[in-house]
Structure formats: structure tokens, C-alpha cells
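Here is a friendly walk through this model, taken one piece at a time. Keep the 3D view open as you read.

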Amino acid sequence: MAVKYRTYFDRQETIVQEVRTLVLERRLRSAISRAYREAPATRAIMDRSRVRPSAIRTIGDLEKLPVTRKTDLIELQKSLPPYGGFLAIKPEDVERVFISPGPIYEPLHSSGIEWFARAFWAAGFRKGDVVVNTFTYHLSPAGMLFHEALRHCGATVVVTGVGNTDIQVQAMRDLKVTGFVGTPSFLMTVIKRAEELGLNWRRDFAVKKAWFTGEMLAPSVRKTLEQDYGIDTRQAYGVTEPGGAIAYECERKNGMHLMDDYVVEIIDSRTGKQLPPGEVGEIVVTPVHNKAWGLIRFGTGDLSSISTEECPCGRTAHRLTGILGRTGDAVKVRGMFVVARQAEEAIAGHGTVVRFQLAVTRVGQRDELTLRAELKDEKADRERITQELNDRFQNICRVKIDRLEFVPAGTIPEKSPKILDERKWD
Ligand SMILES: [Zn+2]
């Protein structure tokens, strides 16, 4: 079969945002009415909330419905096998079924390859590339979907799957592999193994680009891969239960553009209410491309925020600002979630503090945030550092520090949590 490879930087990625919202909301309405009609579990959820499909017209209207979590899916699938009442098409029309830990059975109708292909294209994968796909081809969607999407970009795929480090190293060398698809930690394992075998990464290998998902890409690891090993890196965010990737990085690496296959909300997990751009909350997704899955408002448990700022790359979709942790990692201070990873970026990133700890206390009816910091240089200009740390913290975490205490080196225990919630609610 002759395949015509195309450019995956297209009209859909550069569409005016207002138009994108209209398209997404039209797809959302049709997904909701189909799910209500065909999927008994979705119908039951909506009936319990006394919400008719016609009441969901906009993305904002989704707030009327509860969030469904992984644990709910597992329970529902046990009581109503195999799909827990979420199948929204005829069983014989299911194209393929993936299984994620639980087990959760995920029916797929249309595979959503187009957006994966855009994600790989944005990462520079083209015809002429030889790519190892180190994701599993079993059970989970990753291996197979990425494989197909890489082919859409014209790349040659080496079907390695997970593990077998020595074979991966040899194949990457023998086949002059130019691209890696997998997790950052596995790529580091491969590089270390190559070095143990006496090989020189830059001399003996041709890998120039890597595409990651399934694991956070730590800034330090990114720096090592790019500067020490000459590999251009991109990451994408995906969740298997609702059917795949949700957002991907462009060459600017300033967050991950959302795909039009999903309606993505950032919410306060306790109330289910949507949060405005810039505020950190839980990522909740509703797939609108996969007709098989009547799943509405799937709570991922991952924390992020959305940036609506224009991206110089030309893609107009809003961006997830990165995965900042899990819902349990966040502490709410005066209505805003503070996440350890962002605090780290704000404080440790300033370069003057060796170790720090944030403490939230309650004074009267108000949350108070105290930063305790050990300075790298005890004689440094504390007034200036205080000012700069305050500004950085407010910019990145969007909450003001009430008190900054410089404590002597060794005061803060090495492995202690970055944020302590010392509020008493009695
Ligand atoms: Zn961009």
C-alpha cells in the first residue's frame, strides 16, 4: 500500500482559539449525547446529578457532572464487565481493546493517530529517521499507537519494545538509529550501558532526537541529554485510560500544546470546579474523538496548570505547563495549590539557597506561609535575597510568602518534605 507522507504542522494546529473552542464544544455535545444514549454508566451518572445531555452546551457546563476516577472505573468494570457500562458503540464495532493495570479494559474506535503524528512531527521525526520504539507493544496503547504515528511521519520504526538493554544498544549502533521513543530513565540506562561496554555515545551512535512520555522529564536529565549527549528532547503527556496522549511539546519546550481530541479541564479536586488559566489543579479529561468510550470527566490525579499565552511556534492550542506532581502532593494555601516542584523551581532555582522548607499555618482565619531557608553563603545580602525570592515565588507559585526565616546550615533535615501543612482544623 502506497502511503503519502504529509506535513503534520497544519491548519488544525494553527486554528484561531475561539474557533477551536467552538469545534471542541460541538464534539463534546455529540460525545455527551452519544454516551447518554448508549452507555448505561454515563447515563446513571448524569441521572444521579439530574443533568440532561442538553444541559451540557459548553466546557464550563461540565462542572455540573462529577469526576470519575481510576478506582471508580475498576469497580464499575468489575460489577458490569467488561467495560463498566461505558461502551458507547456496538461491541462488534470496537476496533481494539487495550488493558491497563487494574485491569481496566479500554475500548478504542478511532485510534487518534493524527494527533500522535503531529506530536512526533513537532519533535522533528521525518522520513529518513530510524527510530527505536521502546514502549511495550502488549496490553497498553503506547507501543502500537506510537508505531503507527511514527510511520505517518515517514520514519522507519525498529520494533524493540521494552527492556533488553544490550540488544537495544547493539541495534541502535548497527542500524544507525537517529531517534529514541521511550522514557527518559530508559534512555539514560541505554547510554550508561553503552558506556560500560566501552562505547562513546557521540562517536558511536547517531541518536539526535528523543521523544518521551510516561515519566516526568527532570530538567537536570534534559540538560544532561541535550548538552552532554547531543540529543534534542521533547515530551508528551498521556493517560492510558481515556485513550492516549493529551498534550505535546513543540520546539520551544515551554509547556505542552493540548490536542483537539480531548476536552481538558484544570479543577480543584475537592469541589470539582474549574480553575482559571495559571492556577494549579488536577487535570481532568473527556475524550471526544474515541466514539467507543462514553467516559466523561476522567480525573487523572496529575497536577498542572494551563497557559493561554501565545506560543512563538505558531501553534495556537493552549499549553499544559508541565506535570507538577500528583493531587496528594499539593497543599492549598489561601485558595491556591502550592506544589513542591514549583516551589523548588522558585527557591532552589534562585541559586542562593541550599535547602528549604515551606510551612503552612493558620493564624485566625488566614493561612500563613513561612519559608525557612539555609543560605549557600551565610554572609550574602539577605535583604536582596528576600526580595528576589519573594518575587520569584509569587511569579511561579502565585502565592505570597508571609515570612522568610534564614536558618543555620543543617537545621532542615535532608529528606524532609518541602511543604509542611501545620494547620489545625479543630
Ligand atoms: Zn509551541
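Leu303 has Gly325 of S15 as its bridge partner. The two residues belong to an antiparallel pair in which strand S12 (residues 298-304) is joined to S15 by two bridges. Strands here are DSSP runs of E with at least two residues, helices are runs of H or I with at least four residues, and both are numbered from the N terminus. Two strands count as paired if DSSP finds at least two bridges between them. This is a predicted model, so please keep in mind that local features need pLDDT of at least 70, side-chain atom pairs count only at pLDDT 80 or more, and totals for chains, interfaces and linings use all residues. Residues are numbered from 1 along each chain as its sequence is written.

The pair S12 and S15 is part of an open sheet of four strands, in the order S10-S11-S12-S15, with antiparallel pairing. Strand S10 (262-267) and strand S15 (325-326) stand at the edges, and each has a single partner strand, so one side of each has no neighbour in the sheet.

## The nine-stranded sheet

Another open sheet holds nine strands with mixed pairing, in the order S4-S3-S5-S6-S7-S8-S9-S14-S13. Its edge strands, strand S4 (156-158) and strand S13 (306-307), each pair on one side only. At the S4 end, strand S3 (residues 130-133) runs parallel to S4, and three bridges join them. Within this pair, Val132 stands opposite Val158 in S4.

Helix H6 (residues 142-152) lies across S3, S4, strand S5 (179-182) and strand S8 (244-249), and runs at about 170° to S3. Angles like this one run from 0 to 180 degrees between N-to-C directions, and axes are lines fitted to C-alpha atoms, for helices over the stretch in contact.

## Two crossing helices

How do helix H7 (residues 165-174) and helix H8 (residues 184-196) cross, and within what distance do their axes come? The axes come within 9 Å and cross at roughly 80°. H7 and H8 are therefore roughly perpendicular to each other; that label covers 65 to 115 degrees, while angles under 35 count as roughly parallel, over 145 as roughly antiparallel and the rest as oblique.

On the H7 side, Thr165, Asp166, Gln168 and Val169 meet Thr189, Val190, Arg193 and Ala194 of H8. Residues are in contact if their C-beta atoms, placed from the backbone, lie within 7 Å. By class, this contact of H7 with H8 has three nonpolar, three polar and two charged residues. Ala, Val, Leu, Ile, Met, Phe, Trp, Tyr, Cys and Pro count as nonpolar, Asp, Glu, Lys and Arg as charged, and the others, Gly among them, as polar.

## A hairpin and some backbone details

Strand S16 (residues 330-333) and strand S17 (residues 336-339) pair in the antiparallel sense over four bridges. Ala330 has Val339 in S17 as its bridge partner. Two residues lie between the strands of this hairpin, where Arg334 takes a positive phi near 45°.

Lys253 also has a positive phi, of about 55°, although it is not a glycine. You will find Lys253 in the loop between S8 and strand S9 (256-258). For a cis peptide bond, look from Pro81 to Pro82, where omega is near -5°. Pro82 sits in the loop between helix H4 (70-79) and strand S1 (96-100).

## Domains and the whole chain

The domain assignment, which is automatic or from a database, gives domain 1 (1-323) and domain 2 (331-421). Their C-alpha centres lie 34 Å apart. Five residues from domain 1 and four residues from domain 2 make up the contact.

Overall, the chain has 12 helices and 21 strands.

Terms used. Two residues are in contact if their C-beta atoms, placed from the backbone, lie within 7 Å.
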